[in-house]
Structures are given as structure tokens and as C-alpha cells.
Amino acid sequence: MVVRGLLVLIWLIVALFTVWKFNQPDFYWDTFEEIFWFGLTTSLIALSLPHFKNKLLLFGWALYCAGLLLDITDDFISDATFPLLVLDTSLKNIGFLITCYGMFAMILTKRSVIGLLNQEIEQRQKLEAQLRYEANHDPLTQIGNRKACFETFNDVSNKKSLLFYFDLDDFKHANDKYGHHVGDNILKAFSTSLVKEFGDAFCFRIGGDEFVAFADNTHVDVSVLRDLLLEHIFEYGVGLSIGTAETNPQEQPDTIVQRADSSMYSDKASKIVRTRPRQN
Ligand SMILES: Nc1nc2c(ncn2[C@@H]2O[C@H](COP(=O)(O)OP(=O)(O)OP(=O)(O)O)[C@@H](O)[C@H]2O)c(=O)[nH]1
């Protein structure tokens with residue numbers, strides 16, 4: 001409201017002054033030009049006044065306006081009466097330079113603020129990525145967790161048509177015998193073998209010693225696979241029960257996993273008779 005009033009006032013003065021000057025015998029078009037620029041510049045200041053906190057810029061603009069004002073007044077006040085009139089060009093130039101410097105200082109400040117903001121955005125993005133990773137990965141083995149398995153199930157099963165369900169045999173015994181930290185290392189070593197065999201994107205730890213992996217439905221020799229996956233852990237007396245189920249887009253992931261789980265339990269029944277080389 002104040003700004004609008006100020007603008008009306010400025011242009012009223014400009015109009016009245018122009019009309020008055022126009023009717024004078026000593027009218028020059030350059031007077032009209034001077035008053036037009038004075039009106040425009042002061043309007044700009046009035047418009048930006050409520051938004052601008054940069055005092056240096058405002059000071060520069062004010063000096064520039066003062067120069068413009070002296071420019072106008074020198075048409076009807078003589079230099080002899082008011083010697084400051086000779087300063088009009090200097091004031092305009094000083095105002096212009098201060099304005100330029102103010103702009104430059106403002107850009108520098110904004111640049112450092114933008115730099116800090118970018119840093120903050122980068123950190124936030126890293127944190128989000130970290131949180132996303134943690135939400136979908138098992139903290140011990142770093143492979144996908146149960147949540148990731150079911151969330152990506154449809155995508156993964158579109159690529160791979162066979163699901164393996166693995167459950168370590170007598171893992172509790174190894175835990176009790178060698179300690180929990182060795183138990184952790186067994187799980188990590190097993191995951192590493194799993195990833196080596198099936199690929200990072202297709203292996204998941206879905207429970208304590210239970211894992212799921214997806215593979216192409218080519219002929220797989222389960223006993224060869226078992227030996228391969230136990231290669232680095234069988235010395236702790238653990239075995240491996242393996243179940244399989246073909247993936248099917250018409251079936252719910254839960255149903256497919258359940259079928260593989262049942263198949264694994266059938267295999268578990270024969271864990272006692274399975275030979276375990278170098279068993280402790
Ligand atoms: N070290 C360790 N142990 C775990 C972890 N998560 C679960 N376990 C243990 O894993 C064991 C899993 O239990 P079971 O599957 O009944 O043990 P199991 O001896 O393999 O039994 P079977 O499968 O019948 O042969 C439990 O003793 C859990 O405490 C883990 O992150 N680290």
C-alpha cells in the first residue's frame with residue numbers, strides 16, 4: 001500500500017514537473033529525458049524497498065537518484081546559487097559504482113550460501129541412500145534382507161525362473177560350540193559363496209540361517225551346489241538343506257516361497273545321512 005502510494009506520488013511529480021517544464025520557454029527535451037529516468041529509478045527503489053536488506057545497494061541507488069535529481073534541478077537553479085549542482089555526474093557515477101560493488105558482494109555471499117546448501121543437499125542425499133540401503137540389506141551379511149526379497153520378488157522372478165531356499169543344518173550347534181562370533185562368520189562366508197554363485201541381486205537372507213536365491217531353471221545338481229556352498233564352512237560341522245520351487249507370475253510370492261520351504265524341509269529330513277567331509 002505504502003509502495004503503491006509512493007509510486008503514484010513519484011509519477012504525479014514527474015507528470016506535473018513535465019507539464020510545467022513543457023510550458024516554459026526554455027524547454028529542452030533532455031529535461032524530459034532526465035525526469036523520466038529519475039521517475040523510473042525512484043520507482044524501482046520504492047518497489048524493492050520492502051524486499052531489500054542490502055544497505056550498500058540501497059545507498060548506491062540513493063546516490064544515483066540524488067545525481068539524477070541534481071541533473072534535473074540544474075535546469076532551473078543556477079550553479080552560482082547552488083554549487084553542488086556540478087556534482088550530478090559524479091554522484092551518478094559513484095552511485096553506479098557502489099551499486100555494482102553491492103551487487104558483486106551480494107553475489108559472493110549468495111554463492112557461499114548456495115555452496116553450503118548444495119553441501120547440505122548432497123549430505124541429505126547420501127543419508128537417504130544409506131537409509132534406503134540399510135532398510136533393504138541384512139547388516140551382518142550385506143545381502144538383501146527379507147523385505148527386499150519380497151519387494152523385488154516380481155522383478156527378480158521375471159528374470160529368474162527357479163527359487164532356492166537354503167537352511168543351514170545344525171547351525172545352533174556350531175554357534176554353541178564355537179561361539180556366536182564364529183556363527184556370524186559362518187553366515188558371512190555362506191553369503192559370500194551364495195553371491196559368488198547366484199549374483200548380488202539374486203540372494204537374500206530371509207531369517208537367522210535361512211537364505212533365498214534365484215537362478216535360471218537350468219538343470220542344477222543340488223549335491224554339487226551343496227558342496228560348493230559349504231566349501232568354506234563345513235569344517236564347523238554345519239550342513240545345508242536345499243529346497244526349490246519354480247517361479248510363476250500367476251502365484252503370490254508367499255506361496256512360491258512356501259513351496260520352496262516345504263521342499264527344503266523334505267531335504268532337511270535327510271540331513272543326518274548326508275556325508276559331511278571333515279566334520280568335527
Ligand atoms: N551367530 C548367529 N546366530 C544366529 C543369528 N541369527 C540366528 N542365529 C541362530 O541360528 C540358530 C537357528 O536355529 P535353527 O535353525 O533351529 O538351528 P539349526 O541348528 O540350524 O537347526 P536345523 O536347521 O534343524 O539343523 C539359532 O540358534 C539362532 O540363535 C545370527 O545373526 N548370528
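Predicted model: local features only at pLDDT ≥ 70, side-chain atom pairs only at ≥ 80, totals over all residues.
Residues are numbered from 1 along each chain as its sequence is written.

Of the 280 residues of the protein chain, 26% count as buried. Here a residue is buried if 20 or more other C-beta atoms lie within 10 Å of its own, exposed if 12 or fewer, and partly exposed in between, with C-beta atoms placed from the backbone. As for contacts (C-beta atoms, placed from the backbone, within 7 Å), 69% of those with a separation of 6 or more link residues 24 or more positions apart.

UniProt, in an unreviewed entry, places the feature "transmembrane region" at residues 31-49, 56-73 and 93-109. Its positions are given in the numbering used here, feature names are shortened, and annotations may be inferred rather than shown by experiment. In the model, residues 31-49 are 95% helix and 0% strand, with end C-alpha atoms 27 Å apart. For residues 93-109 the figures are 100% helix and 0% strand, and the end C-alpha atoms lie 24 Å apart.

Next comes the ligand. Around it sit 15 residues, of which Asp169, Phe171, Lys172, Gly183 and Gly208 come nearest; a residue is near a molecule or strand if its C-beta atom, placed from the backbone, lies within 6 Å of it. Strand S1 (162-169), helix H7 (171-178) and helix H8 (180-198) each supply at least two residues of this shell. By type, the shell has 4 nonpolar, 5 polar and 6 charged residues. In this count Ala, Val, Leu, Ile, Met, Phe, Trp, Tyr, Cys and Pro are nonpolar, Asp, Glu, Lys and Arg are charged, and the others, Gly among them, are polar.

Helix H8 also has a buried side. Its 19 residues reach 27 Å from first C-alpha to last, close to the 27 Å expected at 1.5 Å a residue (1.5 Å times one less than the number of residues). Gly183, Ile186, Leu187, Phe190, Ser191, Leu194 and Phe198 are buried in H8. Seen down the helix axis, these buried residues fall within an arc of 135°, so they line one face of H8; the arc is that of the directions from the helix axis to the C-beta atoms. An α-helix has 3.6 residues a turn, so residues three or four places apart point the same way. The buried residues of H8 pack against S1, H7, strand S2 (203-205), strand S3 (210-215) and helix H9 (222-230). On the other side of H8, His181 and Lys196 are exposed. Just after the helix, Gly199 takes a positive phi of about 95°.

Most residues other than glycine have a negative phi. Asp170, in the loop between S1 and H7, has a positive phi of about 55° although it is not a glycine. With 18 C-beta neighbours inside 10 Å, Asp170 counts as partly exposed. Gln142 also has a positive phi, near 65°, and sits in the loop between helix H4 (88-136) and helix H5 (146-151).

Note on methods
Helix = DSSP H or I, 4+ residues; strand = E, 2+ residues; numbered from the N terminus. Contact = placed C-beta atoms within 7 Å.
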